[in-house]
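Me: Can we go through a few spots in this one together? I'd like to start with a helix and then look at some loops.

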Amino acid sequence: MSANRPAAVVVLAAGEGTRMKSKTPKVLHELAGRSLVGHVVSAARELEPEHLVVVVGHAREQVTAHLETHYAGTRTAVQHEQNGTGHAVRMGLEGLGQAPDGTVVVVCGDTPLLSGGTLRDLAATHAADGNAVTVLTAEVPDSTGYGRIVRDAATGAVTEIVEHKDASEAQRAIREINSGVFAFDGRLLVDALGKVRTDNSQGEEYLTDVLSILREAGHRVGASVAGDHREILGINNRVQLAEARALLNARLLERAMTAGVTVVDPSSVLVDVTVTFEPDAVIHPGTQLLGSTHVGEDAEVGPNSRLKDTRVGRGARVDSTVADSAVIGEGATVGPFAYLRPGTTLGRKSKAGTYVEMKNATIGDGTKVPHLSYVGDATIGEHTNIGAASVFVNYDGETKHHTTIGSHCRTGSDNMFVAPITIGDGAYTAAGSVITKDVPAGSLAVARGQQRNIEGWVARKRPGSAAAQAALAVTEEPAGES
């Protein structure tokens, strides 16, 4: 194990989070496509620790299931009663089965902005300075309410952490605060945790008491200052959740723009941490990019679009569209006001136009579905045109059925394709047709009643109406003519 690679990372995620006022455990609230605890676990994994353990308590079944599903290999340890942060760390280390030989990093499960880089810096400082414990600190504009870091003026070592309510006027002027994130010598930590007392107002084991125990035993307590104080922000309510979302979103968009993506109005664009881009992609205002969405080179998305788990090919154009688990091919155009549901795949230079909905549909290269249509459970070949107001009738009330339309077909407007049917290559269908049978290649299918005109019907059935008067005006003979 390298000097900076921790023996263990312990994530504290046992609290209830009552100020969230939610049936969802606090650490499972989502932020930019990940749970709060998911962000912390992802950052901790960048350290490549020998062990990673999350201490769970409140709603532990839900939290454990979430970790097993999304972060396989992460251990959990149960804190059956929330008896303080020191007790939680003790439960986490006991869950490892042995005292860790090396650095133990302790982080809080509700600090989603904490980066792997900052944790690496903490571990590196801890190893380089030979500390028994290293506190992650931050310089903040306003330290009101935070624990102040008091240092030895000569050595820079941390002499104590003073809570705001206990601080003197001089100490309250200190802007360096405690983040609640620490790196410990593992064996010294285990020994000190056994000496933590509970004779305090809460009757709990405080992790911060370990610092004074180690310092009084002659060990050095140091600090590593975070480059950005906002990384240590914890989430306790919905207001703070929204504030963290805005900060993280700005970080993600800055990263994308630095890599060559144009974001026309960053204040109106929302992205998840798992979204990826290629250079020269353009994101227009009012756009949300969620999940595993990928936007290719020279593609444009927006304005007013929401894409989730969707792949946008090079040079594609997506306007005012909702898409979920779809694939949009190179040079394809989508929208405005289109809805691509799961299983939709658009080929190169294809089109899903205005007020078009697609689901579980594969659209070939160059094929166009321009207007006011629903395409569900279908395969359409290349360079086919689907007429306006077409509906793929895929559901019989119990079972979904598939429609296949070949390449180079031309289907008329206001068609109903009643699945299961197959329309061969190069076939045409007449406007207004209800297609219930297969259409051979190269054929014209006409499935509509023959038109009849019943003359004089309006005058007989609607006498005196505006329609009758209008008809009479153009059918009467002009006066004076024979």
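**Helix and loop surroundings**

Reply: In this predicted model, the cover over the buried residues of α3 includes the strands β1 (8-13), β4 (51-56), β5 (75-78) and β6 (103-108), together with the helix α6 (186-193).

Me: How many residues of α3 are buried, then?

Reply: Helix α3, which spans residues 85-94, is mostly covered, with 7 of its 10 residues buried.

Me: And which ones are they in α3?

Reply: The buried residues of α3 are Gly86, His87, Ala88, Val89, Met91, Gly92 and Leu93.

Me: Switching to loops: is Ser350 buried or exposed?

Reply: Ser350, which sits in the loop between β26 (345-346) and β27 (351-354), has a relative accessible area of 1% and therefore counts as buried, the cut-off being under 20%.

Me: What does the side chain of Ser350 reach?

Reply: It reaches the backbone oxygen of Gly347, at 2.7 Å. Once neighbours within four places in sequence are left aside, Ser350 is also in contact with Ala332, Thr333, Ile363, Gly364, Gly366 and Thr367.

Me: Okay, new loop. Where is Gly286?

Reply: Gly286 is in the loop that runs between β15 (282-283) and β16 (288-290), and with a relative accessibility of 30% Gly286 counts as partly exposed.

Me: What does Gly286 touch?

Reply: Not counting residues up to four places away in sequence, Gly286 touches Ser268, Asn304 and Ser305. The C-alpha atoms of Gly286 and Gly302 are 6.9 Å apart in space, while the two residues are 16 residues apart in sequence.

Terms used. Residues are numbered from 1 along each chain as its sequence is written. This is a predicted model: local features need pLDDT of at least 70, side-chain atom pairs count only at pLDDT 80 or more; totals for chains, interfaces and linings use all residues. Side-chain values use heavy atoms; hydrogens and water are left out. Helices (H or I, at least four residues) and strands (E, at least two) are DSSP runs, numbered from the N terminus. Buried means under 20% relative accessible area, exposed over 50%, partly exposed in between (1.4 Å probe, protein chains only). A polar contact is a pair of N or O atoms within 3.5 Å; within protein, one must be able to donate a hydrogen and the other to accept it, and residues adjacent in sequence count only if both atoms are side-chain atoms. Contact means heavy atoms within 4.5 Å.
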